[in-house]
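Colleague: Please guide me through reading this structure, beginning with a single residue and ending with a whole chain.

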Amino acid sequence: MLAGLGGDAAAHARLLAALAPRLRAYFARRMGADPGAAEDLVQETLLAIHLKRGLYDRTQPLMPWVLAIARYKLVDAWRRSGRRRMESLDDGAELVAEETADATMARRDLGVLLTRLPRRQQALLRDVRIEGLSMAEAAERHGLSVAAVKVTLHRSLKALQAMVDRGRSPSGEEVEP
Amino acid sequence: MNTDDLIALLAQDTRPVRTGLVLRRLATFTAAGLCASLLLLLAWLPLRPDLQTAMHGASFWMKAVYTLAFAGVGGLALDPLSRPGGRVSMRVAGLFALAVGLMAGAAALDLWGADPDRRVARWLGDSSEVCSLRIVALAVPLLIMTLTATHSLAPTRLRPAGAAAGLLAGGLSAAVYALHCPEGAPAFILCWYSLGMLACAGIGALLGPVVLRWR
């Protein structure tokens, strides 16, 4: 965590990768019937850990901090799902097919949300993430400075989070970015 | 997008993080709210006419220290409560008890020494009906700013965080109000000032779960 706060991307990735299975276990135990929703929460929590990492007090142990975010996200999800259940009763809800849990099963597919970002952010995310370009290569291709690429990337992530927040994801739709 | 992709994406966004974000954010927003509250006082109520001489007296500073102690308790509690899983140190509660205890002691001594016929007047003063309400009114801009700052961070216990934001706002607002209010009896301050400041904390606690929710 500390190395990640210092800007070490590899250490940051290792931390998030190490936390993911623990979060998956945590949410799976509490959202038992709905593995897709549990994976959504894993992703939301990782996103929050990432975006709020500046609030981590370096003198405190890490896991209570992570657990506090996870618990907060869980309570938040319960609140929302209570509301959604009410709505779906009105709609005459369709039955949801059985799901098995793994890392690819997030129901609120962030990939779908990605397609709603401004085109330039999308292109950048695709190049950096899918084609695996480095920051410098992506910067060159888009005619931006490396700093601008980083800023754009950061904005895209924030926008992504805002979309998760507004719950605009259509469930059931399957689109690959 | 699967979770591993998300992690890789987030790792691309790794930039060094500056320390002291919480303190910086709370301090700037609170300072802005304090300015707004001061302007509101100047537009609304006259400064106490004897402000120059009162600043040489003990009762003015007793009031200032008492209200700022409440603000300090709110601020010291708000810092950890603005972060996930933050715990408030027992020392903060100790500071609160100390401030109230000293003021209660001063009020008891003052009433003891006062003429029995004057005791009620020492307690009610001339403005007991408006004092607490005015402190709450002056706290509105401050409360907006402290709650906004807290919302932009990541509180996970929203009611205590709201109460701390309210106490910070109320303490500063009471300190601002003291520039107008000429009352100086400890019993008056103990009762009406505390009531106003605690009402602000209560409003914060009520609003917290509604307005502090972040994603």
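Modeller: A contact means heavy atoms within 4.5 Å. Not counting residues up to four places away in sequence, B:Y177 touches B:L41, B:L45, B:V130, B:C131, B:R134, B:I135, B:L138 and B:Y193. This is a predicted model, in which local features need pLDDT of at least 70 and side-chain atom pairs count only at pLDDT 80 or more, while totals for chains, interfaces and linings use all residues. Residues are numbered from 1 along each chain as its sequence is written, chains are lettered from A and ligands numbered from 1 in the order written, and side-chain values use heavy atoms, without hydrogens and water.

Colleague: Which residues of the largest nonpolar core touch the most other members?

Modeller: A nonpolar core is a set of buried (under 20% relative accessible area, 1.4 Å probe, protein chains only) Ala, Val, Leu, Ile, Met, Phe, Trp, Tyr and Cys residues joined through side-chain atoms within 4.5 Å. Here the largest has 84 residues, and those touching the most others are A:L23, A:F27, A:L46, A:I49, A:W65, B:Y177 and B:Y193. Helix α8 of chain B (residues 158-177) gives the most to this core, with 11 residues.

Colleague: How many residues of α3(A) are buried?

Modeller: Helices are DSSP runs (H or I, at least four residues), numbered from the N terminus. In α3(A), 17 of 17 residues are buried.

Colleague: How many helices and strands does chain B have?

Modeller: Chain B has nine helices and zero strands. Its C-alpha trace spans about 75 × 35 × 30 Å along the principal axes, and buried residues make up 47% of its 215 residues.

Key:
Helix = DSSP H or I, 4+ residues; strand = E, 2+ residues; numbered from the N terminus. Buried < 20%, exposed > 50% of the residue type's maximum accessible area, 1.4 Å probe, protein only.
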